Amino acid sequence: MKYFNPLLTSAAFFASSIAAKTVTYDWNITWVNANPDGLKERPVVGINGEWPMPTVEVDKGDRLVVNVHNALPDHNTSIHFHGMYQNGTNYMDGPPGIVQCPIVPGQDFTYNFTVDQNGTYWYHSHVSGQYPDGYRAPFIVHDKDAYFAQDYDEELTWALSDWYHEVMDTLSADFLNLYNPTGAEPVPQNLLFNNSQNNSVAIKPNTTYLIHIMNMGALPSIFLWIEDHDFEIVEVDGVYTEPTTAEIIYITPAQRYSILLKTKDTTDKNFGIVTVFDQTMFDVIPDDLQLNQTNWLEYNSSAPHDHVTPDYDTSEDIEAFDDFNLIPHDRKPLLPEPDQEIVLSFSMNNLLSGKNYAFFENITYTAPKVPSLYTVMSSGDLVENPIIYGEYTHSFVLEHMNTIQLVLNSEDPGVHPFHMHGHEFQVIHRDVAYDDDSPTPFDPENHDPFPEYPVRRDTVFVRPNSNIVLRFTADNPGVWIFHCHIEWHLEQGLAITLVEAPAQLQKTQKIPQQHYDVCAAAGVPTAGNAAANTENFLDLTGQNAQEPDLPPGFTARGIVALVFSCVAAFVGMGAIAWYGLADIALNTPELEILEEDEQFSDETPK
Ligand SMILES: [Cu+2]
């Protein structure tokens, strides 16, 4: 259209404003069998008898309706549409214990909300420990008004993930266990690309592709590059960025990227799409674990498909693009000095049972008896008092429209990707990694200047023993969980609760009746404080609590020593009995036990 035509323009506007549609899915959730890496068939959670689960695609502005029926005979479920702000629909966010009750077997639950966002998302179960059983898939929101909408010809989605051969029930039981006192996470068996391996992505020459890339995995981050191609990053976690050239991206669990890739104008060769595990996130690397995989950008199906052998020793040598340097396309400036600051350190440690938990300060997240949103709705004038949400939900009440600054100081040697529900946040500081003997908190008196236009996203990693600083505006009344997106660490309790503008939330939102019915079926109370006390909201007697601390002086190493001593004791008793029966003079197994007892406090068992 070369000249301005007001009639056509308004007609076009009218057409676009009525174009919003309702996209409805009916999902029956069941176990099915699958064998995505060709090495082991195993049960996975499927939809309508199929796996992989379907990619959900809507246009910006559409209403999404998902009717869920839990036909799993033995497991509760839920769905979180990851990255959706759910502004006005907090009760559609998904996490049981926070905003809803678990959907128990046989129950129906309808997720219904408007998608006023754009870009690359995914959906997954938010019942702890469930999504790595295959209960996750891409969720793409197309946007014809994207600033790069005219700059590409075709669209692709590449969903990456780790893959385990055992079901999560088995893995979780072994993970959160006295016999795993250091909290070593189960190491996956494989790395998938669109739920399979050795994929050939047929592409055309001289064509520009918009590619949605995500990590739907449970544990490791994944590096991705394309042999002999660079690309432009145009979106992270639903936020458009200035087009930024990159060669290698680093994607933590739950992070997403959109890239524009222009293909070459020759078709004589295929190129590897290389994906590599961040091996630093594994406690051990089994000999048979393939740390990198090749899939192909296929220009020519009859040309060779060569596996790429990366030329580094370990993944630590890979230099990926640093997402801290991205600039949002809307150039939203750094938020002002905060009205409220939350400073938290986190670490891993053992509680009395010897199991290894994760802590923000000294609290490991423990779900309340009443989902926190239901406490908001039933607490009347006490809604802004953080006490009512219970000590072990680790709740912070945020005032409506305040600028919030969240400082996270890691006292753990791993990489952790943190996700905030209900928000994108500005990442205004991210420090380098530090050694295990010198975890380094954020120093407000000594840091690089904050960026003028900080990158915004909904999932961000903090480096080992290091720190990050985030800012956001409390403009979305709701109860939002902030947690590490390594599924193992969420199971260990690495989460806090943000109770944002609860007075506004209580006044403006109404939980649908069906949600109360689901709670009734689950036997979960829907009124009261965290202890389900409806008479006195300030009395938390009987609230769910974390287990007590270990006696002073105990360490994970001490527990290892204890475990091995107990084993030695049983072996010793067996030996005593055996020798006793054989009527032979006793040897000295007890003496050996006593020696190991002395190691309980701090020493490494020898
Ligand atoms: Cu973590």
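In which loop does Asn195 lie? Asn195 is found in the loop between strand E10 (190–193) and strand E11 (200–202); helices (H or I, at least four residues) and strands (E, at least two) are DSSP runs, numbered from the N terminus.

Before I continue, a word on the model. It is predicted, with local features requiring pLDDT of at least 70 and side-chain atom pairs counted only at pLDDT 80 or more, while totals for chains, interfaces and linings use all residues. Residues are numbered from 1 along each chain as its sequence is written.

The protein has 8 helices and 30 strands. Of its 606 residues, 44% are buried, a residue being buried if 20 or more other C-beta atoms, placed from the backbone, lie within 10 Å of its own, exposed if 12 or fewer, and partly exposed in between.

I return to the loops. Most residues other than glycine have a negative phi, and most peptide bonds are trans. Asn195 has a positive phi, near 60°, and is buried, with 21 other C-beta atoms within 10 Å. Asn465, between strand E27 (459–462) and strand E28 (467–473), has a phi near 50°; Asn465 is buried too, with 22 C-beta neighbours inside 10 Å. In the loop between strand E2 (42–47) and strand E3 (56–59) sits Pro52, and the peptide bond from Trp51 to Pro52 is cis, with omega near 5°.

Finally, strand E4 (residues 63–70). Strand E4 pairs in the parallel sense with strand E1 (residues 22–34) over 8 bridges, pairing requiring at least two DSSP bridges between two strands. Asn67 of E4 is the bridge partner of Asp26. With strand E6 (residues 108–114), E4 pairs in the antiparallel sense over 7 bridges, where Val68 has Phe109 as its bridge partner.
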